[in-house]
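Please read the following briefing alongside the sequence and the coordinates.

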Amino acid sequence: MMDNIFWLAQANSRGLDVDRIISNVTIIKIFQGLILILVAYILLLVSEKFNYWLSEKVPNRFRLIVKQSLPLVRAIILGITIISLLRLFLRLSANNLLALTGTISLALGFAFKDYASSLIAGLVALFEVPYRVGDRVQIGEHYGEVISFGLRGIKLRTPSDNIVTIPHNKIWTEAISNSNDGALEAQVIADFYFAQDVDLDLVMKILYEAAYTSQYTQLKLPIVVTMDETPWATHLMLKAYPMDARDENIYKTDLLKRSKQALAQHNVQYPPQWGYSSSNH
Amino acid sequence: MEKFKLGLFKAKISFKYLKNILPKDIKDLGTESKKELTAAQVNEVKQKIASLTTHPVQKSAIVDAFQQALAQWQQQPEGNNSLVVLSSPVSPLTKVISESLTSLESDNLIETKFLSWQARLHDYRQIKTQMLSSIETSTANIQTTSESYKLVAIPRLEWLFLRCIGGLETIEALRDLVAGDSSRFWLIGCNSWAWQYLEKVYQINAYLTNTISIPPLQDEHTQEWLQALTTEFNLNWQADNEWLQLRIKETKQATRKHQELDEVAKIQKEYYEKITDISQGISNVSGDLWWRSLKIDDTNTDIEETRYAITRPKLPDLPILIIEDHYLLYSLLLHGGMSLVHLTASLGKSQSVVKSRTQYLLQNGVIGKEQNLLYVNPAYYPRLKNLLGNNNFLVD
């Protein structure tokens, strides 16, 4: 890079800078450039709207495939637009390209370091695929569905319906936990705490039944109940998959609601609350 | 080139047909003389279809499988003592099994317990008790010999369970009962969606290993099956102008393989090929599509008697369905018809929510209601199967 800067400095000193790189700028070219930007903007908007519309129309099994095609389409549109604009205004010989790259690197290095880092991370994310549109991911403190994959970052819709924008450069430093990794299903875990002398066979039977009889359950995937012991309670985890990852919250609610109703019918004992006993009454 | 032209012509016709953009004068060529059936006529036709007996090819498939499974069990009484007959969720399994048993002539059959429920019991918690009392009231003092046997027939296994907590215990009991009772042979009918579901929940295939699927009807079987109705209704086979245009074009351009047949026979052959194809060989779907292709023929106004014309059979389009409808329809198909109370319990929703969607589906004809039981109209089954399968549901 230092070589490039040095070369550029030399070029400047010889008075070859602007004339060598920039082609004749005319009103027509400026007009063409504006038209290109406008067309690209419209195409981006239309592709986004069309993609969203199509993804909601097709059967669920194709929904994520359609959604995941959007970043690529956007990258193609932007790529073609940028190349067209460069060809329109610049003389892109090998030397000019080298000089231009050096200049841009210098500018980005100082002024837009994080932005450039996010852009590059976005390109890497397209190929490494730590997340896709439609995935449910945890990045830092934020969990939600990836609803948009932009140049600079992604947008997450959280369970409380907030939209969180996260730059791509988080992939360099943060751990990314992806619940479904491109699949339509994501595992849901419903936690239950019972008194330590609870009838485990009965409770586990009810929990399995709750999962097998939920309308949301993906029956093609395994349903498991696991157990853990804490000093104050017996902890059971019902792990199952909804047919559509988007239903995870409503699915968990359904599992909890129906399980609790059935458990109540059998008078299943829950753990005593901290600091609470019958003598307090 | 000829094929290309034919294809182009077909595409043109289909496109116009689907989009309904034919100019009025052309569009009305085939329909101006035909009216839809009245509700009373539809009911009459549906009753006649319901009274048709099962096609012999399906009965003989069940009887053959039954005799084979029975012979194996008699040779090895501790072995498999059951046969499960699987069908589509819209097939009339009770009727198929009872007619198959009637055609079974066996002197060695000394007792048959036929669980002839017409629906799932209202209180699903009582299903187990009721089922056991119906089956266990068998005359236990009758001793069987090495050749004689007792039979228990359960034509609709899906009516013994409800997909909710506590609604599956009858299946557990039955599974253990069949496995532990080598003194009787069990003939069980079940729709294939329910069977797959029970396989996921209880691995039921490990207990009831002998299964047979009702064979789909072929073109000629469908024709034979509907023959009685065709004769009775004295149909005009040449009333659908659009269809005729297509057929005449095909006949001209294709090989003259049916040249020996007369014009009506050609149309009939084509009709039954089409109806069998789109109904996937399921008799109930064929029957439903058959009456939907019937129209009142007004070409000859001099005749007082109502004449019927037949038009090209086609699957009815599904209305706009939301995701809640998918769950509801899957539940109806899984359970093979159910009351609103049971439907609500199986979906774990409030009755008001379920009722509004049920009304929508009823109004659009996707589902029907008979004796307080909701069921999916068979003509919609092929499209629903495709739709639910594509939306990640466990279908056949």
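In which helix of chain B does B:S98 lie? B:S98 lies in helix 5 of chain B, where helices (H or I, at least four residues) and strands (E, at least two) are DSSP runs numbered from the N terminus. This is a predicted model, in which local features need pLDDT of at least 70 and side-chain atom pairs count only at pLDDT 80 or more, while totals for chains, interfaces and linings use all residues. Residues are numbered from 1 along each chain as its sequence is written, chains are lettered from A and ligands numbered from 1 in the order in which they are written, and side-chain values use heavy atoms, with hydrogens and water left out.

**Single residues of chain B**

- B:S98 has a relative accessibility of 26% and counts as partly exposed, given that buried means under 20% relative accessible area, exposed over 50% and partly exposed in between (1.4 Å probe, protein chains only).
- From B:S98 to B:T54 the C-alpha to C-alpha distance is 10.0 Å, although the two are 44 residues apart in sequence.

**Cysteines**

- A disulfide is taken as a pair of cysteine sulfur atoms within 2.5 Å, and by this rule the count over all chains comes to 0.
- B:C164 is buried at a relative accessible area of 5%, and B:C190 is likewise buried, at 0% relative accessibility.

**The sheet of chain A**

- In chain A, 5 strands form an open antiparallel sheet in the order 4-3-2-1-5, where two strands pair if DSSP finds at least two bridges between them.
- The edge strands are strand 4 (163-167) and strand 5 (176-178) of chain A, each of which pairs on one side only.
- From one strand to the next the twist averages 40°, with axes taken as lines fitted to C-alpha atoms (for helices over the stretch in contact) and angles running from 0 to 180 degrees between N-to-C directions.
- Strand 1 (residues 136-139) of chain A is joined to strand 5 of chain A by 3 bridges in the antiparallel sense, and here A:Q138 stands opposite A:S177.
- Strand 1 of chain A also pairs with strand 2 (residues 142-149) of chain A, antiparallel and over 4 bridges, and in this pairing A:Q138 stands opposite A:Y143.
- The hairpin of strand 1 and strand 2 of chain A has 2 residues between the strands, and within this hairpin A:G140 takes a positive phi near 60°.
- Strand 2 and strand 3 (residues 153-157) of chain A pair in the antiparallel sense over 4 bridges, with A:V146 opposite A:L156, and a hairpin joins these two strands through 3 residues.

**Pocket and cavities**

- On a 1 Å grid over the protein atoms alone, a cavity is a set of points where a 1.4 Å probe fits but cannot get out, a pocket is an open set with protein on both sides within 12 Å along at least five of seven lines, and lining residues have an atom within 4 Å of a point.
- The second largest pocket holds about 1,200 Å³ of space, a volume being the space filled by probe spheres set on the grid points, which are joined across faces, edges and corners.
- This pocket is lined by 39 residues, of which B:A50, B:P92, B:N284, B:E370 and B:Y375 are the closest to its centre.
- Helix 3 (39-50), helix 5 (93-103), helix 12, helix 13 (323-335) and strand 11 of chain B each supply at least two residues of the lining of the second largest pocket.
- The lining of the second largest pocket has 18 nonpolar, 16 polar and 5 charged residues, with Ala, Val, Leu, Ile, Met, Phe, Trp, Tyr, Cys and Pro counted as nonpolar, Asp, Glu, Lys and Arg as charged, and the others, Gly among them, as polar.
- A search of the whole structure finds 8 cavities of 30 Å³ or more, and the largest cavity holds about 70 Å³ of space.
- Residues of both chains line the largest cavity, among them A:Q215, B:E324 and B:R357, and helix 13 and helix 15 (351-363) of chain B each supply at least two residues of that lining.
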